Every structure is written in structure tokens, then in C-alpha cells.
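Open the model in your viewer and keep the selection panel at hand.

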Amino acid sequence: MHLTRLLRTQQPSLTHLIDHYAKFPPTGLTMKRIVEFAREGDAKQSYLFLRNELPVRLASMMKEMGHLPPRLLDMPSVKTVNGWYGTSLHELDSFKQLAANPETVKKFTEVLQNIRKRHSTVIETLAQGYMEFSDVGPVKEYEESQIQYFLNRFYLSRISIRLLIYQHTMCFGEEIPIHPAHLGFVDPNCFVEDIIKDAFENAQFLCEGYYLTAPALEIRRINAIDPEEPIAIPYVPSHLYHIMFELFKNSMRATIEYLESKKSNSSLPPIVVDVVKAKEDLTIRISDHGGGIPRSKADKIFRYMYSTAPRPVSLTDTQHSGPTPLAGFGYGLPI
């Protein structure tokens, strides 16, 4: 009861909280440090770190959001996202004076789980906000530049926040890691080729449902450290999966549509993936027969809401009954 009363005390204004936490820089974290903490850290240490670190990251993004074009900030979907971040910031701030006892840490872990659920559709909701914004009038060039810069920073911050939350809830909460060998959200021995194959198969399934066909996969591995061993690195498997899945979707669509445009009856050439592990880095290269990207469009493909595919009606259209499109929202490559 004592903790509940403390959490219900009068909250400071959201503007005050944003100004306070945005003064501090986020703490830089490496994959090595994240893995070491998952092995050696404890719930109390994680609580003391995250109760300060997460508000700093949330407030920094809310501060930057305030500099977006006012017309965009007035869009219903953008207001919704702003509201989610404000609620989460208030919830985290309520822990700033609470001792790191088991009851508090448990409550904090529950709050983190709720925050993650609350923010689960941020990408789609912000994309919907941009569509609302562009539908009410033309987007000026300086507005577009502001938005692209903000979205890059915003989504990068979102990825880091979600990783920190997952690490805490999986290492010190009741959530169970996907695999017993995982350290929270991180796999210390992430087998790269397995993730690539999984992403390809799921993209292939989607492609076959839409086009009734799909290219095959060819993987070529070069392990400069140990040529006989599969390539494994410490990494977040879901992040690698998402990257590969988005690239495969683009590659498959380009391959099929390019051959159709040439009215070719030849079989689909495979998508070739080279995985190369050197002493200091890992390189993954995807090669296809999709016709390439015109130079005039090369500087646009990493812009949010830009796509060479037809744009679907709405990101929130629940009445869509046809096969799921492989592209069109313009968020795959930037994310």
C-alpha cells in the first residue's frame, strides 16, 4: 500500500519533466556491455540504471518532437503517440525517489512491460500521422527535411529503449527468453545463416501468397576466422531477422516485377546472399536480378514514406481483404 500511495502522488507537469530529463545525454551502450551485464548484473542495478536512463531517452525524443511542423503535431495519430510517451514518462518518473527493494523492482518491471505494450504500434501510428498530414495539404520541402531527420533519430531511440526494456524484463522479470541460451534479448551465439533462412522463408511465403511464385535462396559463406565453422556473433536475432525480412521482400518483388516487365518466361533466378565474417566485422550482401535502382531515385529510397510500390489505402485499414502487399508504406528500408 505504501508504494501505491507514493505512485499516486501529484505528478509534475509534463513540460517540466521533459525539460528536466532532456538536459542529460543518453548513456552509450555497446553490445559487449549489454551481454556482460546480463551475465553479471542484478535486478537492483538494472532498476537504478533504467529509472534514470529511460526517462532521459523518452524526454529527448519528446523534446525533438516539439520542433516538428505544428500542422503535423495536430494530426490525431501524432497526438496519440505524444500521449503514449507522456504517460510513460510520468510513470517512470514516479520511481525516481523509491528505494530499490524487491517490491519496488517488481512494480517497476510490471510498468516496463506495460510501456512496451503501449508503444507496440508506434511505427504504424506515426506513419498514419504522416499520411494524415500529407493528405490535408502539400508537404513543404523544409517540413519534409525536418520530418525525415526527426524520424531517423526517433526510431533509433525507440529501438534502444525497447532493447533496454526487454533486457530488464527477460533477465530480471518473469518473461522467459526465446531460447535458454539467450541472455535476455541477446543471443551470444547468433547463427547468422539460420536467421537469414528464417527471414527468407517467411518473405517467400508472403511473396507466393501475393504473386503465386517466389525466387529461391542461395547462401555463400566465407568465415575467415574458421572456414569450417558456421558464422555466429553476439546479436539480437529479431533485429537481424527484421533487416533481412525487409530486404528480401524488396528483392523478391523487384525480381518478379522486373522479369514480368520484360515479358520473360524464364524461371526466376535465385536471390544470392554472401555472408562474410572477417576478424573485425561481418558483412551480408544480397544480390538479385531485380533491375537495380535508378540513380535518380537512389537518394530517396531511405526516406520514410517513399516507396516505388503503390501505396496501400491505410495503415489502419482493417477491412482490407486481399493478399497482404509486400511493400508500399515506405518504412521498410529506413527502419
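## First stop: a loop residue

Select Pro270, which sits in the loop between H11 and E4. Helices (H or I, at least four residues) and strands (E, at least two) are DSSP runs, numbered from the N terminus. Before going on, note that this is a predicted model, where local features need pLDDT of at least 70 and side-chain atom pairs count only at pLDDT 80 or more, while totals for chains, interfaces and linings use all residues. Residues are numbered from 1 along each chain as its sequence is written, and side-chain values use heavy atoms, with hydrogens and water left out.

Now show its surroundings: leaving aside residues up to four places away in sequence, Pro270 touches Ala216, Glu218, Ser287 and His289. Contact here means heavy atoms within 4.5 Å.

Next, select E2, E4 and E5. These three strands form an open sheet in the order E2-E4-E5, with mixed pairing; two strands pair if DSSP finds at least two bridges between them. Strand E2 (217-223) and strand E5 (282-287) are at the edges with a single partner strand each, so one side of each has no neighbour in the sheet. From one strand to the next, the twist averages 15°.

Colour E4 (residues 271-277) and look at its pairing with E2: the two run parallel, joined by seven bridges. Leu217 has Ile271 in E4 as its bridge partner, and Arg220 stands opposite Asp274 in E4.

Then turn to E5. Six bridges join E4 to E5, and these two run antiparallel. They form a hairpin with four residues between them, and Val272 has Ser287 in E5 as its bridge partner. Why is E4 largely enclosed by the rest of the structure? Five of the seven residues of E4 are buried, so that strand is largely enclosed.

Axes are lines fitted to C-alpha atoms, for helices over the stretch in contact, and angles run from 0 to 180 degrees between N-to-C directions. Helix H11 (residues 237-261) also lies across E2, E4 and E5, running at about 20° to E5.

Now select helix H4 (residues 43-65) and helix H7 (residues 102-118), which pack at an angle of about 50° with their axes 10 Å apart. That makes H4 oblique to H7, as angles under 35 degrees count as roughly parallel, over 145 as roughly antiparallel, 65 to 115 as roughly perpendicular and the rest as oblique. Show side chains for Ala43, Tyr47, Leu50, Arg51 and Leu54 in H4, which meet Thr104, Val105, Phe108 and Leu112 in H7.

## Last stop: the whole chain

Finally, zoom out. The protein has 11 helices and five strands, and buried residues make up 41% of its 335 residues.

Key. Buried < 20%, exposed > 50% of the residue type's maximum accessible area, 1.4 Å probe, protein only.
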